[in-house]
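Look over the sequence and the model below before reading on.

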Amino acid sequence: MLNALEAFNPDIILIEGPPDAEALIPLVLNAEMHPPVALLVYQPKQLELASFFPFAEFSPEWQAMRYGLENRAPVRFMDLPMSLAFPMRELNAGAAAQGAKKQESRDPFGEIARLAGYSDPERWWDALVERQGEGGIFPVILELMSALREGNLLPESRETLLREAFMRQRIREAQKEQYQKIAVVCGAWHTPALAVEQFSASADAALLKGLKKVKTEATWIPWSFDRLAAQSGYSAGVVAPAWYRVLWETTRTAEEPVSNPVARWLTQVAHLLREKDLTVSPAHVIEAVRLAEGLATLRRTTLPGIEELREAAVAVLCGGSEKPLELIDRQLVTGEVLGAVPATLPQPPLKADFEAQARSCRLAKNTQEKTLELDLRQEAQLKKSRLLHRLQLLGVPWGRVSEVGAGKQGGFHEHWQLKWLPDYEIRLIEAGTWGNTVEEAATHKASRRTRDSEDLPELTQVLGIALKADLPVLVPAILSKISAISALAKDTLMLADSVLPLAEVLRYGSARKMNLNTVEQLLDQIVPRVCLQLPAACTAVAEDVAGEIARKILSVNRALGILRAAAHEAAWQKTLGQISDVQGVSPLLAGLAARLLFDKGLRTATQTGDAMHYHLSHAQAPAEAAQWIEGFLYGSGLLLLHQQELWQTLDRWVREMPDEHFIELLPLLRRSFSRFPDPERQKMLDLVKSGGQPKSAAVSATDWDSARAEGVLALTKKIFGTPASG
């Protein structure tokens, strides 16, 4: 397209884009502007009315803007302004809500792509247009679009007709200003409708007359390749943004060391695979290039496309394995690229405060998921935690808390998974209605959420985030409401849901040196009620409900492990005993309770074996026995590996089960065992193969080396500070 502009040398360039943002076009040449970026046009008084207009470096619109600015040719947007489009969207949404019949639509591009043997129109367009060169392509496209529109039996939508009428009016304006060579950059579908001589100017003006108009504002925001990709759901997206960038760069910069885009892309794949310790040589790359070009020749395209490149990469560079394809697709087909906009761009107050805090915390926005480990005892890292939690309250989930690894189980550590999405830019603008700083906005929004909510688990969650976000002004009101709701609550399971969040509040509060006596008092009220009422809630429940209750039991068990309160633990042990032994309790929950009692050392292996014998006896229904086993093995099967008696009981039950019952219960058993880690399942398989006898780990006297053992013992005593003679 750029070659066509250079050959045409236009006096003015009209681009399909929102005139609301026309004043921002000169920023395209700013040195700090790095695509992919997007124009964001929004209605400041109704922020849910917003539209994004993304551009990559290889986008025709972006190159047209750069060409016009660099060659001093006027550049204008010619699409229907969003100030007129937003009211229409509201009207359409209202009609849809009232049950109005939605206008039928066709996908002519999809139909012609299928006729040509392609799975979607994007791949068809890439093969027949993008890869065939520009020579004489525009008249062919115009003829094709004219035929498609003539064959479209359904009328165009009102919005499309209004958009095309406005585009024609913009072309007429340029003609009246005596511009002779007018270049129009627009979607192919609109081209037949922009022949202004075939349409009446007065009819277009009448069509546009009387449209409701609202105020809009516009700005540039960073965008990303994964949001530009068609796979993300973006209707005008492209299949392979990272490949198109390589294609663009090698086409425009022939002086590059590797000017062949196919060789360059496959070389990048080779680098990526070698970083993952896979063996790829230059000979592999050469052969992959030959294969990709051969496939393109067979398929009658001038240049290999992403399908040919992926097939060549799998066949040659990956040795026929498709496993590395996910990595290749993510980094070199879609691409993990986030654009940048000038820091001097005017921003709403909240957005400016967020950017300043992100810089202060040294947190960089990135569309690639990153792990962030924080030690809350360090002020700089505690500051990062506060910001991320405040953003969560604002509905901007830049970070997601993940489980802390083994060895860092205290309340002083947090692990986050960070991933920035361009959509968060508009969310920050929306959040500006709550305040001008991140702290102020998070406080006001959490306060409103507290006021409006009557859900106890949600309120405990808000309390936890508010404390982690260092917003102590919210705590009294949240605690007061939690206390009032919990005092009147009759739903035991809802109370159970609140125990773990409150326990974590205590744990994180101690890490942040907060006074949380009120939380302790709340737990002293809630935990005894849960322990007293939970056994009754476990009786006469369906299997799916029992699964939900099982998760709540594990949640309470984990919470009491955090609290380490003797009175609560004693009451909880009594509750588990009742769930395990009382008749009428769901077998799944009875099995889970038996497992927890064994883990706590309250039931011996013999007692647990007796319980297993009972629940797996012939007197019990096979389905109930399978559910008890599923509950007993919930989470881990390690005790089966270490307790031979339990293993033999289960093994005997399975062996003696009639064939018809075994076939019936097989899905349940597979579900239970599929949850175990692979090493556990492998060891169980070894046990089965050995007839249930574990491999002996005993060390004979002849294998014992006393001198080496004394050296290990001395080092161990030194590590633990034990006197050598101890």
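The model is a predicted one, and the notes below are grouped by topic.

**Overall picture**

- The protein has 726 residues, and 47% of them count as buried.
- Its secondary structure consists of 32 helices and nine strands.
- Among contacts in the protein with a separation of 6 or more, 73% are between residues 24 or more positions apart.

- Helix α7 covers residues 158-176, which is 19 residues.
- From first C-alpha to last, α7 reaches 27 Å, close to the 27 Å expected at 1.5 Å a residue.
- Two packed helices are described by the angle between their axes and the distance between the axes.
- For α7 and helix α8 (residues 201-208), the axes come within 9 Å and cross at roughly 130°.
- This angle makes α7 oblique to α8, and the crossing is left-handed.
- On the α7 side, the contact is made by L161, L162, A165, F166, R168, Q169 and R172.
- On the α8 side, the residues are A201, D204, A205, L207 and L208.
- The residues of this contact divide into eight nonpolar, one polar and three charged.
- An α-helix has 3.6 residues a turn, so residues three or four places apart point the same way.

**Helices α11 and α12**

- Helix α11 (residues 261-275) packs against helix α12 (residues 282-298) at an angle of about 135°, and their axes are 9 Å apart.
- That angle makes α11 oblique to α12.
- The crossing of α11 and α12 is right-handed.
- V262, A263, L266, T267 and A270 in α11 meet V285, A288, V289 and A292 in α12.
- The contact of α11 with α12 has eight nonpolar residues, one polar residue and no charged residue.
- D277 is in the loop between α11 and α12.

**Helix α24**

- Helix α24 runs over residues 566-581 and has 16 residues.
- The span of α24 from first C-alpha to last is 23 Å, close to the 22 Å expected at 1.5 Å a residue.
- Buried residues in α24 are H568, E569, W572, T575, L576, G577, I579 and S580.
- The cover over these buried residues includes α22 (517-537), α23 (543-563), α25 (587-599) and α26 (605-615).

**Backbone details in loops**

- Most residues other than glycine have a negative phi, and most peptide bonds are trans.
- D277 is not a glycine, yet its phi is positive, at about 65°.
- Is D277 buried or exposed? D277 counts as exposed because its relative accessible area is 71%, and the cut-off for exposed is over 50%.
- R362 is not a glycine either, and its phi is positive, about 60°.
- R362 lies in the loop between α15 (349-360) and β7 (370-375), and R362 is exposed, with a relative accessible area of 75%.
- The peptide bond joining P35 and P36 is cis, with omega about 5°.
- P36 is in the loop between β1 (12-15) and β2 (37-42).

**Residue V688**

- V688 is part of helix α31 (residues 678-689).
- With 44% relative accessibility, V688 counts as partly exposed.
- V688 and D651 are 37 residues apart along the chain, and their C-alpha atoms are separated by 8.4 Å.

Notes
Residues are numbered from 1 along each chain as its sequence is written. This is a predicted model: local features need pLDDT of at least 70, side-chain atom pairs count only at pLDDT 80 or more; totals for chains, interfaces and linings use all residues. Side-chain values use heavy atoms; hydrogens and water are left out. Helices (H or I, at least four residues) and strands (E, at least two) are DSSP runs, numbered from the N terminus. The expected span of a helix is 1.5 Å times one less than its number of residues. Axes are lines fitted to C-alpha atoms, for helices over the stretch in contact, and angles run from 0 to 180 degrees between N-to-C directions. Angles under 35 degrees count as roughly parallel, over 145 as roughly antiparallel, 65 to 115 as roughly perpendicular and the rest as oblique. A crossing is left-handed if the near helix is turned anticlockwise from the far one by less than a right angle, and right-handed if clockwise. Contact means heavy atoms within 4.5 Å. Ala, Val, Leu, Ile, Met, Phe, Trp, Tyr, Cys and Pro count as nonpolar, Asp, Glu, Lys and Arg as charged, and the others, Gly among them, as polar. Buried means under 20% relative accessible area, exposed over 50%, partly exposed in between (1.4 Å probe, protein chains only).
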